[in-house]
Every structure is written in structure tokens, then in C-alpha cells.
Amino acid sequence: MYIPKAFREDDLNTLHKLIRAYSFATLITQHEGVPFATHLPFILDAQRGKNGSLLAHMARANPQWHDFASEQEVLVIFQGPHAYVSPSWYEVELSVPTWNYAVVHAYGIPRLLEDNEELYKLLKILIETHEAQFESPWPFQLPDDYLQKMMHGIVGFEIEITRLEGKFKMSQNRTESERENVIAALQESSDTLTMAELMTR
């Protein structure tokens, strides 16, 4: 990913925070010589590996998991907040529109979760994580024969993150007063409030 120095983000905690907040990501591999993408929810285990590890699953019918046998590096893209920035918010008259955004690229070599207990644990963590927002979380209690049938239809995998790239384009190349103008303008729109909050931090 092209990252000008002003927009590079290397702080591991900051990158992990975005991964957790925007965990529905895009997994990209080379499949039969062409790029192949699948959109999946990921779980981050920050304690496994130097940069953490990603866990996810996909349908067994999806051919992408066969690409893992090549042991080639894959890319997972986590897209954070983004917003259009109008040149009318700048102090310099001769300016052009741009887009502010935060994104994290995670790289690594996938490993299939061959053990049923590993796969079950992954599903349990994924469900508990997303059910936690509800007043009455779904308990994930299914008859064993049905559960085994459903689990047979998916493939679980882990990616130990070998490298992370973070690009947080937050008007760092503009003056402080112009950044304040951008934040103020974005705060007026509920659609772009998250970007304004991120810029403020």
C-alpha cells in the first residue's frame, strides 16, 4: 500500500483497535492466477504472535480456502472510517477535494483449523463477541448432530500476522487550523461523525 510518511500509523495498539472496531474485512488471495476476495468477520487474538493473529471461517464450498495449501502470503484489509473533504473547508483558496480515511492491511500465511475443538472455540468466541450487544444474547446451544452438520459446511483458519500496515489519512498535511475546520465540518454530519472523532483523537 502506498503510504506517505505523514499518514503512516505504526502503533500496534492503534492498529489493533481499528481491526477490532471494523472486524468485517476483505481477505484477498491469488486463486488460479487472479485476485480472489472474500468478505468475512475476523476475530483478533492480540496475544498470539508478534503482531497478533486473525481467526475466521468461510463456507467449505468457497474455493478460496484451497489457496492456503500454497502457503503464500495473503492480505486482509480492514476499512475504517472515511469521509469526503471539501476544499471549501481549507484556508488556502487554491485547494482540491480529497478523502480522509483509516485502513489497516494485515499480511500472513493462513493455517487451516483441522481440529473440531479449535473450530468450535472460534465460532463460540465470534458469536459471543457479536451477541454481547444484545439484551438477551443468543446462547449458542444447538443439538450436537445439527451443530456437527453445520460445522462440516465451513472451514476455519488462522493467520498469524507477519506484518501490519496502517494508513490514517487525517489531514496531517494541512495546517492545524485547517484540520480544526475539517473536524468541525464533519461533526455537523452524522454520516461522518466517526471520522471527526478519529481526527480529534
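**Close-up views of a predicted structure**

View 1. With a relative accessible area of 40%, glutamate 73 counts as partly exposed (buried means under 20%, exposed over 50% and partly exposed in between, with a 1.4 Å probe and protein chains only). This is a predicted model, in which local features need pLDDT of at least 70 and side-chain atom pairs count only at pLDDT 80 or more, while totals for chains, interfaces and linings use all residues. Residues are numbered from 1 along each chain as its sequence is written, and side-chain values use heavy atoms, leaving out hydrogens and water. Glutamate 73 meets arginine 163 in a salt bridge, 3.0 Å from N to O (a side-chain nitrogen of Lys or Arg within 4 Å of a carboxyl oxygen of Asp or Glu). Because glutamate 73 sits in the loop between E5 and E6 and arginine 163 in strand E8, the pair ties together parts that are 90 residues apart in sequence. Strands (E, at least two residues) and helices (H or I, at least four) are DSSP runs, numbered from the N terminus. Arginine 163 is partly exposed too, at 36% relative accessible area.

**View 2. Arginine 48 and glutamate 158.** Here the closest N and O atoms of a salt bridge are 2.9 Å apart. Arginine 48 belongs to the loop between strand E4 (43–45) and strand E5 (53–59), and glutamate 158 to strand E8 (residues 154–169), so this pair links parts 110 residues apart in sequence. Arginine 48 is partly exposed, with 33% relative accessible area, whereas glutamate 158 is buried at 8%.

View 3. Arginine 174 pairs with glutamate 178, their closest N and O atoms lying 3.1 Å apart. Glutamate 178 is buried, with a relative accessibility of 2%. Elsewhere, shared partners join the salt bridges of Asp45, Arg48, Arg111, Glu118 and Glu158 into one network. The structure has nine salt bridges in total.

**View 4. The largest nonpolar core.** A nonpolar core is a set of buried Ala, Val, Leu, Ile, Met, Phe, Trp, Tyr and Cys residues joined through side-chain atoms within 4.5 Å. The largest one holds 36 residues, and Leu27, Phe42, Leu54, Val76, Phe78 and Phe157 touch the most other members. At least two residues come from each of helix H1 (12–21), strand E2 (24–31), E5, E6, strand E7 (98–112), E8, helix H4 (176–187) and helix H5 (193–200). E8 gives the largest share, six residues. Another core, of eleven residues, lies apart from this one and includes Leu113, Leu126, Phe140 and Leu147.

**View 5. Leucine 75 and its surroundings.** Leucine 75 is part of strand E6 (residues 74–85) and is buried, with 17% relative accessible area. Leaving aside residues up to four places away in sequence, leucine 75 touches Thr26, Leu27, Ile28, His105, Ala106 and Tyr107 (contact means heavy atoms within 4.5 Å). Leucine 75 and isoleucine 161 are separated by 86 residues in sequence and by 9.6 Å in space, C-alpha to C-alpha.

**View 6. Asparagine 100 and serine 171.** Asparagine 100 is found in strand E7. Its relative accessible area is 1%, so asparagine 100 is buried. Not counting residues up to four places away in sequence, asparagine 100 touches Pro81, His82, Ala83, Val85, Lys169, Met170, Ser171, Val182, Met195 and Met199.
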